[in-house]
Structure formats: structure tokens, C-alpha cells
Amino acid sequence: MSLATMSVGAEGSSAPTGGDPAGAPRARGGRHAGLVRALAKRLGQTALVLFGVVVITFGLLHAIPGDPARLILGKLATPDKVATLRHEMGLDQPLTTQFATLVKGLLHGDLGTSLVSRTQSVNELVAPAFANSLGVVAVALVISLAVGLTVGIVTGIRRNDGLDRGLQALMVILLSTPPFMFGMVLLLVALKTKIAPAGGWNGTPLQSLEYIWLPATALSVALAPVIARSLRQSIRETFAQDFVEAAIARGLPRRRVVLRHVLPNSLLPIIGLIGYSLGGLIGGAAVVEVVFNIPGIGSRMMAAVGSRDFPVVQGIALVSAVTVIAFNALADAAYWIVDPRTRTAAS
Amino acid sequence: MTTTTLAPTPAPRRHWLRLPHWRFAGRHPNGALALGLGLLGLIVLLTIVVPMLSPHSATDIAGTPLSPPSLAHPFGTDTVGRDVFVRTWLGGRNDLLMVILVVLASSTIGTLVGVVAAMGSPLTDSVLMRLTDAIISFPGMIIVMAIALVFSDMGEVGPFPRGALPAVIAIVVINWASYTRLVRGEALSMRSRDFVTAATLLGYSKSRIVTRHLLPNLATTVVAYMVVDAIVAVVTIAGMPFIGAGIQPPAPEWGSLMLAGTTVLYTAWWVTVMPGLVVTVYGIALSLIADSLLAQVDGGAR
């Protein structure tokens, strides 16, 4: 039984046939009932999380001891000026009205207006910074996957020999190195050897690839070892399963057992891992960018905090939250497509 | 029958797979644990002893600015001539204090909520877990930083320098949820095990079952996760100064020490790299401990 159900995913050759467990829920509520229910649940959760982020950031703005307007203008400002700014920020209105205004703006995709440069919208300020950070994160993802998958497969298939243990130790060391520490070491290397510009930026992420790869490498120490370790674990667990034993018993060559039976089943947990790690990567990018002097959300956040530009802080938090949630949803969808078993388990 | 059992077992054929005997787990688990504990002990000892015994204080101008590591200044001196060795270990006190507080507070809150969710009514469980899921899907670091920044005006509190407590609060606000998810899962699977059923049939109260049966059995898992969490916490804490949050200067802290060195990275690498190495060694020590503990939790499955 387990052999039959497990190897469907492994062989990937044909759709599940009549007798498989996926057939059971189809009897009631149509073919896509499970999908619709799962999607509805996911959308509900997403809305809840987003609302939570809005409430927290809004709450923070109002929980700060003292008056934001006073904090922005400084101790020497006249009460008149403070009152004017309070009015401009809408702080003189009741909390519920302020919250409603915020939510209404957000629903229109409007993050508000910067308090410091009054003419600029938060969208204008945050969008380019966020694009730059995402550029760093994307390249870091590619590097992490390349390194993590390679090391994971090599250490997963090899059994406790020198290479396995050496790579394992290296992964522990990398995992224990904070990305900003690794970034500084790379920056030092770049300064000494000129292999890459030592920080800086040039327009859009695509134009700045030569500036991106070093910070992205630094950031990838947060993810590559995690991928490698969990893939190694996953491959070893898959090897212990009946369908692999059956494949070996059938006398299939090693290459085929690994490529067709073990790997496809071992790669599944990696999808969720990447979705789950993205929030951490964005946070890590904010820090690494400061080291490499990249105009991303890290430096934007720092500037916004220095000048008490709360709408910008709030905007960055919200945009990051939306991105992370979107990626988690994508990871779930990927599971749905790749692994037929989740379609029954999800409901 | 008897003859087959008594017959000498043939040596297992060395198939290229060497199917699952997971020899890795049993190989040097205690060696790794001992090394991890030793390194961690050394770091803790140095953070206590060095600031006490050093001839320089953390704010003294101890030597020529930017002098490289030497016997007098093992980690060199910084841009104003302060001793990086003393500052690193004094900074370590701050980092370790914050980590301990973060881990203790998060694990306590998280475990309580997790047990309540697992033992409470389905409605309680559902509400608590939705909340937990929501918090786990927050982009942690960014929210943590926003919270820490907003409260950055809070002054010095007890042994905590300015900026330390807001950072701790911010991390705990997000961090407890991971413990909740872990504990609830474990508690639910335990609730259906025989020893809990037996306790229930004996008529023991819910609180007795939780305190005498569930919590002791959850302890190993939670402690193993606390060790992993202590690595993540220090990376978060040390990352904060880079975007203006966390402990405020002049109080030393691993992250702010490294940040201060970035401007002179080319000429004086030691200002940045030495505290960074300490953070890395701290991480390696905890990874070794965590791996050994997790191997025990998984019953050697790793």
C-alpha cells in the first residue's frame, strides 16, 4: 500500500488511478472542493495576518510614550507648531477615525505620506528600496539553492565518509556565522583583491548585478546550510522507505534510484523551507545592505527611524509582511501541484 | 528454529547504500556535546572574568588608536584607542544577558500557551493557533526592528543598557509563537499516549496531568529548541545596531562593535573581525549542543 501510494510521486509518470486515496473526497462536493476550501482558508488566514500587521504597526505609532508630533519637531518647537503638525498627521482625530483612514488608504494601495519630506508618498520612498532588497534576496536564493542542493545531495548520498563529515562541519560553521559577519569578511576580501566593488549600487537591481553578488553570497549563509542539512536528512529518510528498497530490489541502477525515486520525494520539504525562510532573508538583507552600502529597506528604515518618519517604518513592515505571506502561499500552491498527497491531507 | 537463531549472523554485505543503520548518530555524540559545552563555558567565563581582571576599562583610551592585535591588546584597539578585547567580552555580557532573557521569556510564554491550546477546548485551541500562525508568518526581523526602534527612547533599566530592553521585548513579542506551535504538537501527540490515558483514568486532575506528566516529557524538546533559539536570538540582537535599533552606544555589544569597525575595515580588520569571530564561535558551540540534544529527542533518527 505504502509502496503504491509513495511511488506515484516518485515515478511521476502517470496520474493517480482510481484506487488512490485522492479519489475519496471527490465523491462529495466535486473535483476541486478540497482546493477551494484550502484556498478559502488560506485567504482568510492571509487577511487575518495582514490585519494583525496593520493593527500592530498602527498600535505602535500610538503606544510610543509621548506625542509623535513632538518627537518629530523636537523639544524646542512651539506648542502652535506641534498642534499644526498634529492636525496634518491627523493625530487630533479619534483613534477609530485614524485607523479607518489608514485602512482605507491601504485598500487603495496607498501607504500614506512621508512625514519628513512632505511632498513624497511612502510608496515612492519604499518601492525602489524594496525592489533593491528583493534583488539581493533573489540572488541570495539562487546561490543558496545552488550550494544547498549540491551539498545536500552529496552529503545525503554519501555515508559518513570524509567528504560528508567535512561538508557537515562546514555547514555548521556557516550556519553559525551571522550574515553580516560573513558580509564583512567578504567585503574585506573584496577590498584587498578587487574581485567585486566594495559596496555601492548602480540604478536598478539588474544594472547592479556586479554589486549584488557579494552581499547576496553573504546573505546566503543564512539559507544554504539550512537547505543542505534538511535535504541530507530528507534524502536519508527517503532511502529508508519501502519504495526505494523495492526499486533497489528490482535491480535498478543507482543513478536511476537516486534521480527518479529518492530525489523527487526528498525535495518536497525544501519548498516549504524556502517559503518559511523568506521573512528571515528579508530581515537579513536589511542588515547586510547596510554593510555593503546598498540603498535598500535597511538604510531606508534606518533613515526613517532617525527622522521619526513613522509612516515609512509602517510601510516597510507592511510591504515585507505582504511579500512573506505571498511567498508562503506560493510555497503551499507548489506543494499542491508537486505532491498529490497534500491534496487530501490539506483539508 | 533453534539452529537458525544460534547460527553466527553473517557479516552484513556492504551494499553501496549501507541501508539505514544511521551510524552517524552514534558516532561521536558526546564528543560534539562536550566540545560545544566547553566552548560555551569558555565564552561565558571570559565575559565574566575579562572585564573584571583587565587593566583597562571598556571606555579607557588604552593605547594608540587602531593598533593591531598584540600581547597587550589581544584584539587590538579601535578608532579611539579603546581595547577591543575588553569591549568584546563586556559586550558579550550584554548579548548573553539579552539572549537569556529572550529565550526564557519566549519559552515560558510559548510553552504555557501551547499547553493551554493542547489541553483546552477546541475553540480555545483554534483561536490560539490562529494567533500563533499569524505571528509566525510575520516577517519577524522587520517587525522586531520596527518595535525596537519605536521603543528605543526607553532608558537604562537595571543591568540593561539603553536600548536593550526594547530589543528584548520586541523579539519576545514575535518569538514565543514558535514555542507554542512546537509544544502544542508534542502535547497533542502525548495526550493520546497510554501514560496520559492511564493518568486520566486514575482520576487525576488536568493540572496534575499537565505538571506531572506532560511538562516533564516536553522538557527535552523545549530545551533543545531553546538552544537553537539562542543562536537565532544573538544574530537578531547583534543585527539590530546595523539599522539603528538595539543597544545604544557607548555600551558595547557584539553587533555595534562590528558596525563601528566597518568604517576602518580596510586598515584595521580586527575591530570588526575579532568580535565577529566570537559570535561565530558562540554559534558553533550552540549548534553542537543543539545537534546532540536533537539527536536524543529524535531517538537517534539523525
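In this predicted model, residues 1-5 of chain B keep a pLDDT under 50, and the model has zero contacts beyond four places in sequence for them. Here pLDDT is the predictor's confidence in each residue, from 0 to 100, and two residues are in contact if their C-beta atoms, placed from the backbone, lie within 7 Å. Residues 12-26 of chain B also stay under 50, with 14 contacts beyond four places in sequence. In chain A, the stretch under 50 covers residues 1-27, for which the model has 37 such contacts.

Residues are numbered from 1 along each chain as its sequence is written, and chains are lettered from A and ligands numbered from 1 in the order in which they are written. Because this is a predicted model, local features need pLDDT of at least 70 and side-chain atom pairs count only at pLDDT 80 or more, while totals for chains, interfaces and linings use all residues.

**Confidence and composition**

The mean pLDDT of chain A is 79, and 86% of its residues reach 70 or more. Chain B averages 82, and 85% of its residues score at least 70. For the complex, the predictor gives an ipTM of 0.77 and a pTM of 0.79. In chain B, the lowest mean, 45, belongs to helix α2 (residues 23-27), and the highest, 94, to α4(B).

Chain A has 16 helices and zero strands, and chain B has eleven helices and zero strands. Helices (H or I, at least four residues) and strands (E, at least two) are DSSP runs, numbered from the N terminus. Of the 347 residues of chain A, 37% count as buried; of the 302 residues of chain B, 47% do. A residue is buried if 20 or more other C-beta atoms lie within 10 Å of its own, exposed if 12 or fewer, and partly exposed in between, with C-beta atoms placed from the backbone. Among contacts between residues at least 6 apart in sequence, 73% in chain A join residues at least 24 apart, and in chain B the share is 69%.

Two packed helices are described by the angle between their axes and the distance between the axes. Axes are lines fitted to C-alpha atoms, for helices over the stretch in contact, and angles run from 0 to 180 degrees between N-to-C directions.

| Helix pair | Angle | Axis distance |
|---|---|---|
| α13(A) (268-292) and α15(A) (310-338) | about 175 degrees | 9 Å |
| α13(A) and α14(A) (297-306) | roughly 85 degrees | within 7 Å |

The angle of the pair α13(A) and α15(A) makes these helices roughly antiparallel, whereas α13(A) and α14(A) are roughly perpendicular to each other. Angles under 35 degrees count as roughly parallel, over 145 as roughly antiparallel, 65 to 115 as roughly perpendicular and the rest as oblique.

The contact of α13(A) with α15(A) has twelve nonpolar, six polar and no charged residues. Residues of α13(A) in this contact include Leu268(A), Ile271(A) and Gly272(A), and those of α15(A) include Phe327(A), Asn328(A) and Val338(A). The contact with α14(A) is made by Ala286(A), Val287(A), Glu289(A) and Val290(A) of α13(A) and Ile297(A), Gly298(A), Ser299(A), Met301(A) and Met302(A) of α14(A). By class, the contact of α13(A) with α14(A) has six nonpolar, two polar and one charged residues. In this classification Ala, Val, Leu, Ile, Met, Phe, Trp, Tyr, Cys and Pro count as nonpolar, Asp, Glu, Lys and Arg as charged, and the others, Gly among them, as polar.

Asn293(A) is found in the loop between α13 and α14 of chain A. Its phi is near 60 degrees, a positive value in a residue other than glycine. Asn293(A) counts as partly exposed because it has 17 C-beta neighbours inside 10 Å.

**Burial and the nonpolar core**

Helix α10(B) (residues 254-261) is mostly covered, with eight of its eight residues buried. These buried residues pack against α8 (179-193) of chain A, together with α4 (84-119), α9 (206-239) and α11 (270-297) of chain B.

The largest nonpolar core has 158 residues, and those with the most contacts inside it are Ala167(B) and Val234(B). The largest share of this core, 15 residues, comes from α9(B). A nonpolar core is a set of buried Ala, Val, Leu, Ile, Met, Phe, Trp, Tyr and Cys residues joined through C-beta atoms within 7 Å. Leaving aside its neighbours within four places in sequence, Ala167(B) is in contact with Met98(B), Ala148(B), Ile237(B), Met240(B), Ala245(B) and Gly246(B).
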